[in-house]
Structure formats: structure tokens, C-alpha cells
Amino acid sequence: MADPMATVTRQTGLGMITIRADLDRAGDAIAEAAGLAIPDVTGITGDGSRALGWMSPDELLLILPVSEVAEARQALEQALTGEHGLVVDMSNARAVFDVTGPHAADVIAKLAPVDAAAMPEGHLRRTRAAQTAAAIWRQGDGFRVIGFRSTADYLGLILQNAAIPGSQLAPR
């Protein structure tokens with residue numbers, strides 16, 4: 001039997017904090033508290049164990065080890081003292097999958113209106129994977145995909161099906 005086009009792995013142990021604030025006013029304080037630079041529009045920054053993604057003009061998503069969530073949330077709340085903002089632990093509301101391997105871009109391209117092969121490092125795309133909302137970015141030799149926990153089984157299944165051996169897209 002042929003090898004799958006890519007390996008799809010559900011990630012656990014990750015925490016996620018949604019940060020809503022005026023990024024022009026509070027961006028420096030958020031960056032200091034998160035320990036990461038504020039990403040450009042549709043960008044994501046990271047240091048290996050943490051990532052900070054641009055979700056909308058006033059929203060960021062901090063992804064970090066679940067063991068660091070409480071401390072990071074407290075630091076972010078302190079950083080936003082005096083600002084109109086929101087810091088919420090969303091760890092249990094999301095599911096995370098890594099899609100890795102030589103044809104990972106084809107797996108993503110089958111499900112989302114994204115030219116995954118041309119997606120640059122540091123770019124986050126909010127889109128749909130088939131019928132569910134997703135955020136996708138390049139990571140290592142593949143992609144990280146985040147969706148809602150309520151659709152995790154579906155998202156995992158469509159990613160696995162898109163990686164079935166022999167189902168590559170036409171050669172480029």
C-alpha cells in the first residue's frame with residue numbers, strides 16, 4: 001500500500017488565549033506580556049513554543065503550552081489595565097492538527113481556498129476547510145490547522161481523507 005500524501009496528527013497540550021484590544025494602543029504592552037512581537041496583518045510570530053497570530057484588526061490568538069496559560073493570561077490582563085480589552089482562555093474551544101510531509105500543501109489545497117504551496121512562512125490564513133472554519137499556517141515541513149473543538153472529529157476526518165495515498169493534485 002502506498003504511503004499517505006501527508007501525516008495528520010492531532011496536537012494536545014496546547015493552550016490558547018484570545019486577546020481583544022486596540023492593537024495600535026496596546027500592542028507594545030501585549031507583545032511584552034506575550035513575549036512575542038505583534039504579527040503583521042494576516043501574520044503569525046513565534047519562538048518555537050509560543051505563537052501569536054493575527055485574527056482580526058482587534059484580535060490576536062496566543063498559542064502556548066497549556067501549563068503556561070494561567071500565568072500568561074494574568075500577564076496579559078495586567079498589560080491591558082486601563083485599556084478596553086478582553087483576555088479569554090479558549091484552550092478547550094479549539095482543536096489543533098499538524099499536516100506534515102511532502103504533499104502537505106496538496107492536502108490543504110483540497111480543502112481550503114488557499115494556495116498552500118505558495119503560502120509564505122509567517123502568514124496565517126483564516127478560511128474554511130471544507131465546511132468548517134479554520135486557521136492555517138505553514139509550520140516546519142507542513143501546516144498547522146486550528147478549528148473549533150465542536151467540529152474536531154469532522155476536521156480530523158477530512159484531513160485524513162485528503163491525505164489518502166495516490167490522491168495528489170495534478171503536477172505543478
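Colleague: Why does Thr42 count as partly exposed?

Modeller: Happy to start there. Buried means under 20% relative accessible area, exposed means over 50%, and partly exposed is what lies in between, using a 1.4 Å probe and protein chains only. Thr42 has 30% relative accessibility, so partly exposed is the label for this residue. Before we go on, this is a predicted model, in which local features need pLDDT of at least 70 and side-chain atom pairs count only at pLDDT 80 or more, while totals for chains, interfaces and linings use all residues. Residues are numbered from 1 along each chain as its sequence is written, and side-chain values use heavy atoms, with hydrogens and water left out.

Colleague: Where is Thr42, and what is its phi?

Modeller: Thr42 sits in the loop between helix 1 (23–34) and strand 3 (44–46). Its phi is near 60 degrees, a positive value in a residue other than glycine. Helices here are DSSP runs of H or I with at least four residues, strands are runs of E with at least two, and both are numbered from the N terminus.

Colleague: What makes Ala130 partly exposed?

Modeller: Ala130 has 27% relative accessibility, which means that it counts as partly exposed. This residue belongs to the loop between strand 8 (124–129) and strand 9 (132–139). Ala130 also has a positive phi, about 55 degrees, although it is not a glycine.

Colleague: How do you know whether Leu61 is buried or exposed?

Modeller: The relative accessible area of Leu61 is 4%, so this residue is buried. Leu61 lies in strand 5 (residues 59–65). Contact means heavy atoms within 4.5 Å. Leaving aside neighbours within four places in sequence, Leu61 has contacts that include Met16, Ile17, Ala51, Leu52 and Ile146.

Colleague: What makes helix 3 mostly covered?

Modeller: Six of the eight residues of helix 3 are buried. They are Ala104, Ala105, Asp106, Val107, Ile108 and Leu111. These buried residues pack against strand 7 (94–100), strand 8, strand 9, strand 10 (142–148) and helix 4.

Colleague: Why is helix 3 called oblique to helix 4?

Modeller: Two packed helices are described by the angle between their axes and the distance between the axes. The axes are lines fitted to C-alpha atoms, for helices over the stretch in contact, with angles from 0 to 180 degrees between N-to-C directions. For helix 3 (residues 104–111) and helix 4 (residues 152–162), the axes come within 9 Å and cross at roughly 125 degrees. That makes helix 3 oblique to helix 4. Angles under 35 degrees count as roughly parallel, over 145 as roughly antiparallel, 65 to 115 as roughly perpendicular, and the rest as oblique.

Colleague: Which residues make that contact?

Modeller: Helix 3 brings Val107, Lys110 and Leu111, and helix 4 brings Ile158, Leu159 and Ala162. Five of the contact residues are nonpolar, none is polar and one is charged. Nonpolar covers Ala, Val, Leu, Ile, Met, Phe, Trp, Tyr, Cys and Pro, charged covers Asp, Glu, Lys and Arg, and the others, Gly among them, are polar.
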